[in-house]
Amino acid sequence: MESSDLHKSEYLKQFETQTYGRNLFRTQEEERLDAPNEECGIFGMYSDHDLDTFSLSQFGLFALQHRGQEACGISVLKDGKITNMKDEGLVLDVYKDIQEPEAFMGNSAIGHTRYTTAGDKKKYNFQPFFAKNEYDQIILSIAHNGNLTNARELKNELEAEGVVFRATSDSEVILRLIQKNLDLGLRGAIKATMEKIEGAYSVVGMTRNKFFAFRDFNGIRPLVLGAVDEKTYVAASESVALDAVGAQYVRDILPGEIIYTNENEPGKLHSYMVNEERGKQRICSFEYIYFARPDSTLENINVYEIREKSGEKIWEQAPVEADLVIGVPDSGVPAAIGFSKASGIPFRPVLIKNRYIGRSFIVPTQEMRERVVNLKLNPIISEIKGKRVVIIDDSIVRGTTSKRLVKILKEAGVKEIHFRSVSPPIIAPCYLGIDTPSKDDLISANMTTEELRIYLGVDSLEFLSTENLKEILGSSNHCFGCFTEQYPVEKGEEIELFN
């Protein structure tokens, strides 16, 4: 086996039992401030017979843990009754606190894992969201990934009609619109909702006898469909969640498509296109660069292969003489392997991960917070001392993490540092389901590449060009808004959703 194939195999195998860590050099605070953050991961499954939905939903959500670490929740349908549970914490911790697992075993389940945010962390914002009838019974539950750009306007309309909101999330707008229109039937209610809401949304949900999933007209946030057998279906943010529950990937749910069941044909899945003319493929390009797990497949494109190609392409774009290539674990490693393959410069996994460290350190000072990072990742000094090093990272947002990484390498005695980012410069915030800093805080929006090179203290700095990213992805049918400031939908209000 060639060394690059061996590195790939070892790299991917670790995620079968460990959570994908994206950029492990970032402190927990920097994950919020110096990184683009995904909103969440969603998972749903349905069968015409009872399943161990407690275990299967746990497996599926654990596979999506990288998409959110703040909170987790599930809704389960059993004998026509929906039971909901959600709490703060990682997936396995939340499930561990469930005292009666058998109460969460039924024929359908949806789940949600929420990312760490600076916003309102109250439990009423944890998902899934649910609506009750006058008998205090849950009749509808949904989990949503994305961001609505006209949520404030719709919330005001619904409140004027007497609808009471209990959370401060745009996801509740979707819930209340479906609830309001249920007299049209489930498909009609979802169609009416999709015709009102704007922005990015992938949704899974259930009523007391139906399961459904739908995706916005641009398909900005991912949503894949799989099958365990002919009458057991799974929908999730990424294909790795299908793998986790033993489901085969069928296809991606299409932009503007509703997938649903009905009580008259148990086990049969129906498809309905709300408006085929509006349906366009504009999936977020950052899913491939950073958000998705490397062993996922989205829109029939393997994420690992895209990341490895990005490393090959940035070598073609900006070659450099060096002694070794380093990738920032976990997201920068495939690109580093690709860079090594194209250049012939050896790849070395010299940033060693402590696989037993958790996220539970609570330290009051910045100095001690930085020491936590050194507990997570430690360089092998003998491998890099006196060497010319190419460091491959997924992106540069505020630049604070990159600057500290350079400092660590210099203290280890590196002779030269050549920094390569396999995303284009991030010059604009995202309004479609990614939490990025304001434009004032995006370092590439305020510095030239040369100014940023001097700020970081590196010998050379290059970003993958947007044109090369499009070439790697094979089309321009993606959202590149954070690189170009051109979005597939209007960005909406640049203010907090709800006061």
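Residues are numbered from 1 along each chain as its sequence is written, and side-chain values use heavy atoms, with hydrogens and water left out. Because the model is predicted, local features need pLDDT of at least 70 and side-chain atom pairs count only at pLDDT 80 or more, while totals for chains, interfaces and linings use all residues.

**Annotated cysteines**

An unreviewed UniProt entry gives the annotation "active site" to Cys-40; such positions are stated in the numbering used here, with shortened feature names, and annotations may be inferred rather than shown by experiment. Cys-40 is found in strand 2, residues 40-47, where strands (E, at least two residues) and helices (H or I, at least four) are DSSP runs numbered from the N terminus. Cys-40 is buried, with a relative accessible area of 1%; buried means under 20% relative accessible area, exposed over 50%, and partly exposed in between, with a 1.4 Å probe and protein chains only. Leaving aside neighbours within four places in sequence, Cys-40 is in contact with residues including Arg-67, His-112, His-144 and Ser-237, contact being heavy atoms within 4.5 Å.

The unreviewed UniProt entry also lists Cys-284, Cys-430, Cys-479 and Cys-482 under "binding site". These four span 199 residues in sequence, yet no two of their C-alpha atoms are more than 10.1 Å apart, so they gather at one spot. Among them, Cys-430 is found in the loop between strand 22 (416-421) and strand 23 (434-435) and is buried at 17% relative accessible area. Cys-482, placed in helix 18, is buried at 12%, and its contacts beyond four places in sequence are Phe-286, Pro-425, Ile-426, Ile-427 and Ala-428.

**Cores and helix 17**

The largest nonpolar core has 75 residues, and Phe-286, Tyr-288 and Phe-483 are among those with the most contacts inside it; a nonpolar core is a set of buried Ala, Val, Leu, Ile, Met, Phe, Trp, Tyr and Cys residues joined through side-chain atoms within 4.5 Å. A second, separate core of 29 residues includes Ala-131, Leu-158, Tyr-201 and Phe-214.

Helix 17, residues 466-473, is mostly covered, six of its eight residues being buried. What covers these buried residues includes helix 9 (286-291), helix 10 (303-317) and helix 18 (481-484). Leu-473, one of the buried residues of helix 17, is also among the contacts of Tyr-288. Helix 17 is followed by Gly-474, whose phi is positive, near 90°.

**Salt bridges**

A search of the whole structure finds 29 salt bridges, each a side-chain nitrogen of Lys or Arg within 4 Å of a carboxyl oxygen of Asp or Glu. The table gives three of them.

| Pair | Closest N to O |
|---|---|
| Arg-67 and Glu-287 | 2.9 Å |
| Glu-157 and Lys-196 | 3.0 Å |

Arg-67 lies in the loop between helix 3 (53-63) and strand 3 (71-78) and Glu-287 in helix 9, so the pair ties together parts that are 220 residues apart in sequence. Arg-67 is buried at 0% relative accessible area, and Glu-287 is likewise buried at 0%. Both belong to a network of salt bridges that links Arg-67, Arg-221, Glu-238 and Glu-287. By contrast, Glu-157 is partly exposed at 32%, and Lys-196 counts as partly exposed at 36%. In the remaining pair of the table, Asp-295 is partly exposed at 22%, whereas Arg-293 counts as buried at 9%.
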